[in-house]
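Reader: Hi! I'm new to this one, could you walk me through it?
Author: Happy to, let's have a look together.

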Amino acid sequence: MLSGVAMDTAAQGRVFAPWNDPDEEPLIQFRSVTKRFGSFTAIDNLTLDIYAREFFALLGPSGCGKTTLMRMLAGFETATEGTILLEGEDIAGVPPNKRAVNMMFQSYALFPHLSVYDNIAFGLKRSSMSKPDIAARVDEMLRLTRLERFARRKPHQISGGQRQRVALARSLAKAPKLLLLDEPLGALDKKLRQDTQFELMDIQERTGTTFVIVTHDQEEAMTVASRVAVMDDGRIVQVATPAEIYETPNSVYVADFIGDVNIIEGNASRQQGETIRIHWAEGQEPIVGTPSAPIAEGTRVHFAIRPEKVTITAQKPAGRANAFAGKVHDIAYLGNISTYHVKLANGQILKAQAANNQRIDRRSFNWEDPVWLSWTDTAGVVLTG
Amino acid sequence: MNIRRLVLIAVPYLWLVALFLIPFVIVVKISLSDTALAIPPYVPTFDLSGGWDGVKSYFSQLDFDNFTFLTEDDLYWRAYLSSLKIAVIATVATLLAAYPIAYGMARAAPEWRPTLMMLVILPFWTSFLIRVYSWIGILSQEGYLNQLLLGLGLIDQPLKILNTNLAVYIGIVYTYLPFMILPIYATLEKLDQSLLEAAEDLGCSRLSAFWLVTLPLSRPGIVAGCFLVFIPAIGEFVIPSLLGGSRTLMIGKVLWEEFFSNRDWPVASAVAVVLLLLLIVPIMLFQRNQQKQQEAEL
C-alpha cells in the first residue's frame, strides 16, 4: 500500500501538463482566428494553444468547425482573420507542401497505384533524403506499424485496419512536428477501433510527435487525448483534460455532449457555506449541490449529475445530502452495468447506474419497484451556462 | 448446368457467331478463292448439287495465292506501315488534344459537367460524312482557315493543307476526339481529390502531384482512349479519301480500291484478313487493360 502511494506521488511530480506551465512556449497558437465560407462562419474568433508532445483532440458534432480548424493547420484553408503560429512563426503564407505538418486523411487517401512501401516512401522521396536513408526510414515505419509482411502489396490487397496503419506510417515517415488525424478510426469496427486507439497512443509516445486528432466520438477523444477541446458552432466551449471535461464540465452543452448525464433545472437559494440549495420542483426537497464559484440567490441553474454517481437503494439511505423516492420505470441492461430509469413523484425521470455484480435473475430491482435515489452534495455540478 | 444459365450464356455467343464469325468465315473463304468474271466475281462457289466429289473439288480449289501476292507487291506492306504510322501519330495528337479537355471537364463545377459532356457528344448528331466534308471547306486553298490567316496577315500565300497527310491527321483528331475524351474524363472524374491533397501534404508541388498521382491514375482511361482511336483509325477509309491526297497511302483506301475499282474481291478479302490479324494484338491488349482496371476496382 505504502509503496503504491509513493509511486502515485512520484508520478504526480512529472505528470505531463505543459498547459499549466506559464514558461512553456506553445507549438501552435491560434490567435482570434475566424474562417468564413461566403456568409457561413465556420470558425468564430477562436483562440487556442497546443503544446509540443500533446495528444490534442478536437471534439464536436459534424459541422462544428473541427475539420476546418485542422485543414487550416495543414494549409488547405487560410484564415479569414487572425493568425496561426507554428513554433512562433505565422504559417499563413506557407503552402501545404512546405509545412512541417502531415495529415492522416479520413479516407486514408492512399495512392492506389503504389505499393504499401512506395506509399510510405512517397513523402521521403520528395525531400532531399538519400536512397539508403529512405529505405531505412520506410523499414522503420513498417516495423513501427507492424506492416513488414505487406510492404509489396497494393492498398486494395490489404484490410481496412492495415490501410489505416499504412496511412499512419505514411504521415509519420517525414517525422513532422505536428501530425493531424482526421477521424482516423472512423472506418474501423468497434473492436479494432479500441485496439487501434491504444496503438495510436503508444506510437505517439514513442515518436514524441504532437498529435491533433479530429473526432466526433467522445469515447475516442477521452481515451487517447491529453486534452480535449469541445467545439460547437465554430467556437471552443471548453478545453481541459478528459477527466476535467467529464467531472467538471463548464456548461450544459459539454455535460450533455460527453457521456450520459441527468440535467435538472432549478432556482438557486442563498449560499450556505460551500453548498447551495436548488429548488427544482413543487413538493420535492431542494437538491443540495456544491458550485465551483459563488452563485447569487435566485439564479436559474442547471444541476448535472452522472448516472453512475446516483446510488439506487430499496430503503431510504441515512446521511445522504440528497435522497428522492421513485419507481423503476425502465431498465437498460448493458451486461456489466444496468441503467435504471427511475420516475420520481413529480414525473421527472432520473437515470442511475449500478454494477451488475450479481447474476441477472438475482437482480435487486425490477420494473415498478419502489426505490430511493441518493447522492452526496459534491457528486454533481451546478452550471449557470 | 440448368437451361436458364445455358440460354443466358448462349445469347452473346449466338450474337458473335451470327455477326462476327459467319461473316469472317465468308471473307476468309473469298480470300482463298480466285477472281473470275462472274457474279459473284470469284470461283469456286459452294454447290451441293455435285455431291461429295463436288465438296472435295470445292476445297481443292482454295489456295493461299492471294496472300502470297500481298507479299510480292510492295504496295501492300507500304500501305500497312503507312496506316500504322498515321494511326499512331493521330492517336498521340488526339490524346494531347483530349487530355486537357477531359481534365477541364472533370475539374469543372458539378452542375456544369452534364452540359460539357453534351457538348462533347453533340457532333455525333450530325452525319459523320457531312462533318468530314465541311473540313474540305475549312482546309482548302480558298477555305475559311486560309482566308482567316490571310486576313490577319499571318501568311501571304494560302497554305496547302487539304490533300496532305496533315489534313488526314486533323480529320482523325477531330472525328475521334470524343472517344478519347470520354474514357479519360471517366477516370479523372472518379479521382479522389483527397489524393491530391495528400500528395501536396507530403511535399509535392501542384505540378508534381499531377505527374505522380493524377496522370498514373488516369492511365486506364488514356489506354482505353488510345485503343478506341487507334483501332478504327488504322483501317480508316473515309477521312484519307476525302481529305488526304493521292500520296496518302492507307490500307483502308487500298482495300476500297481493290473491291470497287479492281473488282478483285479475293485480294481485297486477303487484305482485310491480314488487317484483322494485325489488329488482334492491340485488341487483346485493350481487353487486358479493361480487365485489369475492373480487377483494380473490386
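**Around D232(A)**

Author: Leaving out residues up to four places away in sequence, D232(A) touches G60(A), C64(A), V237(A) and Y253(A). Keep in mind that this is a predicted model.

Reader: Thanks! Where is D232(A) placed?
Author: D232(A) is in strand β9 of chain A, which covers residues 227-232.

Reader: And how does D232(A) count, with its C-beta neighbours inside 10 Å?
Author: D232(A) counts as partly exposed because it has 18 C-beta neighbours inside 10 Å. The cut-off for buried is 20 or more.

Reader: What separates the C-alpha atoms of D232(A) and D377(A)?
Author: The separation between those C-alpha atoms is 30 Å, and D232(A) and D377(A) are 145 residues apart along the chain.

Reader: Let me zoom out. Which domains is chain A divided into?
Author: Chain A has domain 1 (23-100 + 176-259), domain 2 (112-169) and domain 3 (260-383). Taken over C-alpha atoms, the centres of domain 2 of chain A and domain 3 of chain A are separated by 53 Å.

Reader: Helices next, please. What about α3(A), how many of its residues are buried?
Author: Eight of the ten residues of α3(A), residues 116-125, are buried, so this helix is largely enclosed by the rest of the structure. The buried residues are V116(A), Y117(A), N119(A), I120(A), A121(A), F122(A), G123(A) and L124(A).

Reader: What do the buried residues of α3(A) pack against?
Author: They pack against α4 (131-144) and α5 of chain A.

Reader: How about α6(A), which of its residues are buried?
Author: In α6(A), the residues Q197(A), L200(A) and Q204(A) are buried. Seen down the axis of α6(A), the buried residues fall within an arc of 65 degrees, so they line one face of the helix.

Reader: Why would residues spaced like that point the same way?
Author: An α-helix has 3.6 residues a turn, so residues three or four places apart point the same way.

Reader: Nice. What is on the other side of α6(A)?
Author: There, K191(A), D195(A), F198(A), D202(A), E205(A) and R206(A) are exposed. The buried residues of α6(A), for their part, pack against β3 (55-59), β8 (210-215) and α7 (218-224) of chain A.

Reader: What span should the 18 residues of α6(A) have?
Author: At 1.5 Å a residue, the 18 residues of α6(A), numbered 190-207, should span 26 Å; the end C-alpha atoms are 25 Å apart, which agrees. Just after α6(A) comes G208(A), with a positive phi of about 70 degrees.

Reader: Switching to sheets: in what order do the four strands of the open sheet in chain A run?
Author: The order is β2-β1-β4-β5 (chain A), and the pairing is antiparallel. At the edges stand β2 and β5 (89-90) of chain A, each with a single partner strand, so one side of each is left without a neighbour in the sheet.

Reader: How many bridges are there between β1 and β2(A)?
Author: Strand β1 of chain A, residues 28-37, pairs with β2(A) over seven bridges in the antiparallel sense. F37(A) stands opposite F40(A) in β2(A).

Reader: Which peptide bonds in chain B are cis, starting with P40(B)?
Author: The bond from I39(B) to P40(B) is cis, with omega near -10 degrees, and P40(B) is in the loop between β1 (34-35) and β2 (42-43) of chain B. A cis peptide bond also joins V43(B) and P44(B), with omega about -5 degrees. The place of P44(B) is in the loop between β2 and α2 (51-60) of chain B.

Reader: Last one: how many residues does the contact take from each of chain A and chain B?
Author: The contact takes 17 residues from chain A and 15 residues from chain B. The largest share of chain B's side, six residues, comes from α9(B). By class, that side of chain B has eight nonpolar, three polar and four charged residues.

Notes. Residues are numbered from 1 along each chain as its sequence is written. Chains are lettered from A and ligands numbered from 1 in the order in which they are written. This is a predicted model: local features need pLDDT of at least 70, side-chain atom pairs count only at pLDDT 80 or more; totals for chains, interfaces and linings use all residues. Domain bounds come from an automatic or database domain assignment. Helices (H or I, at least four residues) and strands (E, at least two) are DSSP runs, numbered from the N terminus. Two strands pair if DSSP finds at least two bridges between them. A residue is buried if 20 or more other C-beta atoms lie within 10 Å of its own, exposed if 12 or fewer, and partly exposed in between; C-beta atoms are placed from the backbone. Two residues are in contact if their C-beta atoms, placed from the backbone, lie within 7 Å. The expected span of a helix is 1.5 Å times one less than its number of residues. The arc is that of the directions from the helix axis to the C-beta atoms. Ala, Val, Leu, Ile, Met, Phe, Trp, Tyr, Cys and Pro count as nonpolar, Asp, Glu, Lys and Arg as charged, and the others, Gly among them, as polar.
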